[in-house]
Amino acid sequence: MANPDIDHSATEAADNVLSGDGSTSLPRGAHAPMSIGQMSANASGQPELADGVAAVDTDPTETREWLDSLRYVINSRGDDRAAYLLQAIEQEAYRLGVQIPFSATTPYINTIPADRQPPYPGNREIERRIKSIIRWNAMAMVVRANREDKSIGGHISTFASSATLVEVAMNHFIRGRGDDYSGDQVYFQGHASPGIYSRAFLEGRLTEKHLENFRRELAPGGGLSSYPHPWLMPEFWEFPTVSMGLGPIMSIYQARFNKYLQDRGIKDTSKQHVWCFIGDGETDEPETLGAISLAAREKLDNLVFVINCNLQRLDGPVRGNGKIIQELEGVFRGAGWNVVKVIWGEDWDPLLAKDDKGLLVKRMNEVVDGQYQKYVVMPGGYIREHFFGVDPELTEMIAHLSDEKLKKLKRGGHDPEKVYAAYAAAMQCHGKPTVIIAKTIKGYGLGEVGEGRNVTHQQKKLNEDELRAFRSRFGIPISDDEVAKAPFYRPAEDSEEMRYLRERRQALGGYVPTRPQTSPQLQTPKLADYAGFIEKSAGREVSTTTGVVTLMASLLKDKHVGKYIVPIVPDESRTFGMDPLFKQCGIYAHTGQLYEPVDSDQLLS
Ligand SMILES: Cc1ncc(C[n+]2csc(CCOP(=O)(O)OP(=O)(O)O)c2C)c(N)n1
Ligand SMILES: [Mg+2]
């Protein structure tokens, strides 16, 4: 939040300094205005707990002195010094037995305040045009497949909500694999696949025929699988991400595996990131959150989760009476992740800058998701009356804005600059994984057929008027005569859009996703090398466990493949006679060995 009382410029130099635990690169002071015990000021200037419970201020003058002191330290000594003092005070309070109210969440505003955003390096206008074309073809693919055969499904609204999240990453962050397989690995949200196909079509990697045959990959001339799966499209998809929840949990293990390869000196993965695009409803799958503490424990700073919080699942709201963004923030912060919230677009910046008393933030905090969804489908007058209208000062704050403007106040996940800032912070974060929690609108751009409606997830039919409205909203050069057919559109090869698209991917090392069919060959051991092993056991009864473990111990010593064999044992190695392996190959720890094991004398002998 941009608080006019705080001169951030004085502390700019500290922007990228790591925190005391050396683990985060989030801009310093992102929460400075809220940092005293997660308090903000309410209408009467009274401090208020972040979750909206008013604290009783028995001595406002004394409170003001403390707050003034804090501002003085921030202005004169910088964020680091302020954070240090606050931590010291908190520790002393605990030592003296004071119970400080705990809050796992921060206020319902962007983690990165407007005045800490890096400049946007791309051409916003060309990127918007490319994104619009990708939106169109993704929608047309689903509409046309369903016209061909009513039993063919597909989703329009999901990618419609995540287009900016994907496109900013594709234009500026996600690295192609290059010749040395050192690209990023991306777990795409399964049912947003039309958007990924649509981009690959512009990139010239898929044909019109492929798009026509969406969800019919075995059709003559080729087609596209419903969801990402390397078995169905071996040269395209790298990872299967459906059913929901599989992408997130696999991405955590992938990131951990990449660290393993690095730590063991098998492959340089130091520049590779693992990205995972997730739906907010998907976070209710046990697999999605099931391994997040492992990701923090293993310090997987090569991992980025992007959670598209369009506030809706298949049937309706994800948390109608609560706030999924806040809930996820608490869960991920508690697990030790770097959390970056992207809630409000730039249109809100001037309003937040005027919000001296914290009235707007208070209102943002108290409105629940079901109501935020309602604002999407209602006219601007409703937002004026029901969101801002609860307080005369808030009403006054937006008096200069028309109803139309109020209706268009953008959410963070649709604002490329806010999304860019969040990704840039994720790239700079060291020692922990990052989750970007972005607020969007489901069915963005579909208007009355689907935007924010509960039925939008299953929407696959657009009539002529609806197609025309979509075309006009996104400025796709398709004539009125043609539009009913929902034709695919690709700009001329030498157009600005196509050149930009190609240049960006070239600069980032190539197209994503791609899955080459060749891989380095391993020199496998010959059967003859194991003749003794086979012959010796002939006629002798050996348990399966003993057989497997003996074989594994032997393979681990093989000079060609040994280093690629990694027994993964959660527990019970002893039960199965594998404990000699502790000594033979050691136990992996990304952090290194930090203690002296009780049996070290036996293991080191
Ligand atoms: C385990 C599992 N259960 C159910 C489904 C069916 N399904 C597909 S998408 C979806 C809703 C997804 O909501 P969300 O994760 O919020 O994604 P959004 O489309 O809103 O981006 C459901 C229930 C599935 N694919 N996997
Ligand atoms: Mg959703």
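Welcome to this predicted model, in which the shell around ligand 1 has four nonpolar, eleven polar and five charged residues. Here nonpolar covers Ala, Val, Leu, Ile, Met, Phe, Trp, Tyr, Cys and Pro, charged covers Asp, Glu, Lys and Arg, and polar covers the others, Gly among them.

Residues are numbered from 1 along each chain as its sequence is written, while chains are lettered from A and ligands numbered from 1 in the order in which they are written. Local features need pLDDT of at least 70 and side-chain atom pairs count only at pLDDT 80 or more, whereas totals for chains, interfaces and linings use all residues.

**Ligand 1**
- The ligand is surrounded by 20 residues (C-beta atom, placed from the backbone, within 6 Å).
- Thr158, Ser243, Gly279, Gly281 and Glu282 are the closest of them.

**Helices H4 and H5**
- The axes (lines fitted to C-alpha atoms over the stretch in contact) of H4, residues 157-172, and H5, residues 193-202, come within 9 Å and cross at roughly 45°.
- On the H4 side the contact (C-beta atoms, placed from the backbone, within 7 Å) is made by Phe159, Ala163, Val166 and Met170, and on the H5 side by Pro194, Gly195 and Arg199.
- Five of these contact residues are nonpolar, one is polar and one is charged.

**Overall fold**
- The protein chain holds 24 helices and seven strands (DSSP runs: H or I of at least four residues, and E of at least two).
- Along its principal axes, the C-alpha trace of the protein chain spans about 90 × 75 × 40 Å.

Notes. Axes fitted to C-alpha atoms, helices over the stretch in contact; angles between N-to-C directions. Contact = placed C-beta atoms within 7 Å.
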